[in-house]
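Me: I'm new to reading protein models. Could you walk me through this one, feature by feature?

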Amino acid sequence: MTEITAPKSPVTADQFADEIREQLKYTQNVTPEQATAADVYVAASKAVRNHLADAWFKTQADTVNGNTKAVGYFSAEFLMGKQLENALLNAGLTDQFDSAVEALGFQPKDIIDAEYEPGLGNGGLGRLAACFIDSLASLGVPAFGYGIQYKYGIFKQTFDENGKQVETPDYWLNNEEPWGHIDYNRDQKVSFGGEVVEENGKKVWKPAWSVRAVPVDYLVPGYKSQRVNTLRLWTAKSYDEFDLLAFNRSEYMDAVKPQVKAENISKILYPEDSTKVGKELRLEQQYFFVSASLHDAIRVFYPGQDKPDLTTFPNKITFQLNDTHPVIGIPELMRILIDEYDYDWDTAWDITVKTFNYTCHTLLPEALEVWPASLIGELLPRHLEIIEKINEQFEDELKGKGVADETIERMRIYTGDSVRMAYLATYGGSHVNGVAALHSQLLKDMTLKDFSDVYPAKFTNVTNGVTPRRFVKLANPGLSDLITEGLGTDKWLSDLELLEGLAPLAKDDEFVKKFAAVKAANKHAFVGFAKDHYGLDIDENTMFNTMVKRLHEYKRQSLKILAVISKYAAIKNGTVSADDILPRTVFFGAKAAPGYYLAKMTIQLINNVSKVVNNDPDVKGKLAVHMLPNYNIEMAQNLIPATELDEQISQAGKEASGTGNMKFALNGALTVGTLDGANVEIRERVGAENFFLFGMTVDEVEKLYADGYDPAKYYEADPRLKQAIDLVANGTFSNGDRNAYAPLVADWLTKDWFMTLADFSAYADIQAEIEKLYRDPLEWNRKALLNVANSGFFSSDRSIEDYLERIWHTGPLA
Ligand code: NBY
């Protein structure tokens, strides 16, 4: 038995410098004189990793040997952001690192910046998974993140000379990646295709091909918890590297074909699409990581046992399904239990339902995954049989409960043609949750109403949260220091509701001025960042107004850009006098799915509005617009702390939660927003007087749909709106080409499904209120400070505590 020791005791800066030198020498094989920032980054990362190793081993041992149920967070995406700075913080080595790299002749920031950001997620859902595993470790809860180590993450976004989005592959592993450890000795076999035969009265799956799933382990250090959990991302390898027969015939391409096919599985992250793609490769990915992870969990919790008692499995670990992407895990666990471990159906079902829970992240019914039965049948024939049987059992159960036939028809998991993954997840797990109070309510009232009527006890809410370590402490050190000064402690970093203690300081003008100075410094820093990264010249004496998130019609970047155009027109026309103009810089950041036509056209429009506005001497110093390329975690960490006004302007009832909204409030931005997602709860907490609310409510939206929505009416009714749309239509932002945005204009005027036009007037009107407040810096900052003070609820630590209590029924290791 190896001795499990407590985490390594902290080192001095000198000792840490020596550890870095050792890594440079023995793993980087360079002298300190030869070392570049990239070398020092790798060396320092490995040195930090070594510091975490003992705590990692101890956490693993306690996880397996203890009596605390673990959490398995199944997610196709983990959008982690850069690792080094966070690892240093959580290992308590930040100061030692700073001194050590300076002793080596480097600036700490250059070393931190040398890391290449992995983009293994699309947006909010992937980032939420990253925040959650951070909080699990920080709370000392034993947990595994399970996902895929894609070779290519989300595409890199640039813009061409016409302002169109250009996607380039992001091969993030081109650079040495010191964090992941590939563990060839803990691999799993994942099989596909073939047929199901009967042998001795038992169903036997004879797959046609298999891939080797190899885990790559990432350490997930908790903040001040002495715990280090594991993020296990699977990579696909081929079993038959060489088809020797083919190779001997010199048919080299044929020889590597199976390898290419197998390794394709973990090659690329699907860039979330507006239209459901239903691609075979995506189902292969989903099954690949879920099957490997389930087998891995059995290996971890029943080491060396051929015939483990898996009826205890739900006491060992509970799996959270992050959206429908890993839901194939439900029939897979059934198959494992029945086919591999000989359990009867009922026992297997009991174990399975107890083990899984499902989080839904959408309200758009079209965004719930539905797989063609033919595809599942081809790829996973045994699973299709199991799904059919689950559906049979389900329909019987519903009949037994007296559910009407037409309701049963609507609820079917398996329709004969297709399989509805959200329904499978709801029936096949213990709990279903939405991600904000309003969202969870709407799930019960609309999207999953039939299910909530029959299984009300399964439904619950867990409002999202964000980790204050990355999004306050690391992103905004100036504010962090001020908070610590104001509260007299830094305990708020693990107990964010302590921020409430800042509320009385909002009455203290001196403190509010210090708060304002932090924001000004962050703006100044962002001006430097934007100059370095994008070559932009930004006027820091303007209001910084930001809208960053994926580009989607429902999020309504269109509403923002139309308001910007309208403002531009007003300045040009002289409708507003020069004295009345509040200088603003508007920042957008957004990636559009490569196949999402209107979203990509909206990006093009924003870029071209930017070109026209920023080059027009008439509005210089009054209005500037920037579409920043390739919005990612790094940009978020720089831009959010510098932002004064945040845009959360989705159509009510469409944004499940939002998490950017929380990051902005915690960093002292005021929000202009609709009553949607978590905006509702943010406004409740920070106070209606500290939030710029506008627009229709969910009920008003529903009523307008029901009454028949005609966007053209709104176009005619508000001259500001009419003028803005006319400018887009008449070629002002396309060198006179009236066709450039014709599809977008036609959509606005005839369809406008997300009611941008209907909310325009309210949105334009509230700008006056916003600008009036901004002209009173002390009052503005008082309100911004109250946003910080009252947003402690939106820590992902609190979200995890809610999951522990409402869904997982477990807690920290002893
Ligand atoms: O999840 C987002 C929601 O839109 C946002 O309101 C919420 O705050 C956040 C966390 O709960 N959803 C999201 O980010 N979804 C995706 O990224 C996504 C990714 C892949 C697919 C669908 C959606 N897919 O179909 O594969």
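**Reading the model step by step**

Reply: Happy to! Keep in mind that this is a predicted model. Let's start with the ligand: 17 residues surround it, and the closest are Asn 122, Gly 124, Leu 125, Ala 656 and Ser 657.

Me: How many residues of the shell around the ligand are nonpolar, polar and charged?

Reply: Each residue is sorted by its type. Here the shell divides into 10 polar, five nonpolar and two charged residues.

Me: Now the helices. At what angle do the axes of H21 and H32 cross?

Reply: Picture a line through each helix. The axes of H21 (residues 509-534) and H32 (residues 777-789) cross at roughly 85 degrees and come within 9 Å. Angles of 65 to 115 degrees count as roughly perpendicular, which means that H21 is roughly perpendicular to H32.

Me: What about the chain as a whole?

Reply: Count its elements, then check its overall size. The chain has 33 helices and 22 strands, and its C-alpha trace spans about 85 × 70 × 60 Å along the principal axes. A compact globule of 814 residues would have a radius of gyration near 28 Å, and the 27 Å of this chain agrees with that.

Note on methods:
Residues numbered from 1 in each chain as written. Predicted model: local features only at pLDDT ≥ 70, side-chain atom pairs only at ≥ 80, totals over all residues. Axes fitted to C-alpha atoms, helices over the stretch in contact; angles between N-to-C directions. Helix = DSSP H or I, 4+ residues; strand = E, 2+ residues; numbered from the N terminus. Parallel < 35°, antiparallel > 145°, perpendicular 65-115°, else oblique. Near = placed C-beta within 6 Å. Nonpolar A, V, L, I, M, F, W, Y, C, P; charged D, E, K, R; others polar. Rg over C-alpha atoms; globule rule 2.2 N^0.38 Å.
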